[in-house]
Amino acid sequence: DLHALLVESTRRFEKMLQGSPPSLELWDEINRGRKKIWEPKDELNLSNCLKRHFERDLDQSGIIASREVQVRQRLGSDPAQLVDILVHAVPFNEDGKPGKRVTVVVEVKCAWNTGVLEDMDRQLYGRYLASSEFERGVYIVAYFTCKAWNRAKDSRKLSGASIMDIRDLEAKLLAQAKALSSCERRVDALVIDARIGIQSAT
């Protein structure tokens, strides 16, 4: 089940971020004299890191992960639709012959994204699942709010879901995913704890 593999792989990515020593690939460290300034890198970096992780982590599963894939051409005034990460796998049948290709759409957000609480429905489901041949989607949100994020006047700290408690954000997104899922379409929501300098709460 490619969908389940991606969910499990995302959790392993989170454990790597919270490991000992932790991975800092989602953060920028700036030295200003004796002081260190920490700030999260952007959403593009998050998507690229996840794509590379899926390829490494699921290498033996024969998956192909692609970034910024166009799933629908521009139609009149409607822009072309690009998904953050599109993951393919071709399972093999009992007779050893390749079966039908399985595809999962992965939409990636940082918690400060102003559409983070609406885009699972509006973007992942409404654009990519309900109006296409794709049936499976994973909505991944990285949460960064912590004391270590000490860059002054960083507006992202007060934007989107950055002001929410991580547990409240996860509960809200899980409820959305459950409401959107059916026997025909399945959506999973995952909140990655990307905070540094604290004990992970997830």
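Glu-39 counts as buried because its relative accessibility is 11%, where buried means under 20% relative accessible area with a 1.4 Å probe and protein chains only. This is a predicted model in which local features need pLDDT of at least 70 and side-chain atom pairs count only at pLDDT 80 or more, while totals for chains, interfaces and linings use all residues. Residues are numbered from 1 along each chain as its sequence is written, and side-chain values use heavy atoms, without hydrogens and water.

Glu-39 lies in strand E2 (residues 35-40); strands are DSSP runs of E with at least two residues, and helices are runs of H or I with at least four, numbered from the N terminus.

A nonpolar core is a set of buried Ala, Val, Leu, Ile, Met, Phe, Trp, Tyr and Cys residues joined through side-chain atoms within 4.5 Å. The largest has 32 residues, and Leu-26, Leu-50 and Phe-144 touch the most other members. Elements giving two or more residues to this core include helix H1 (2-17), helix H2 (43-57) and strand E4 (81-89). A second, separate core has 24 residues, among them Val-69, Leu-86, Leu-169 and Val-191. In soluble globular proteins, nonpolar side chains tend to be buried together.

Conventions. Buried means under 20% relative accessible area, exposed over 50%, partly exposed in between (1.4 Å probe, protein chains only).
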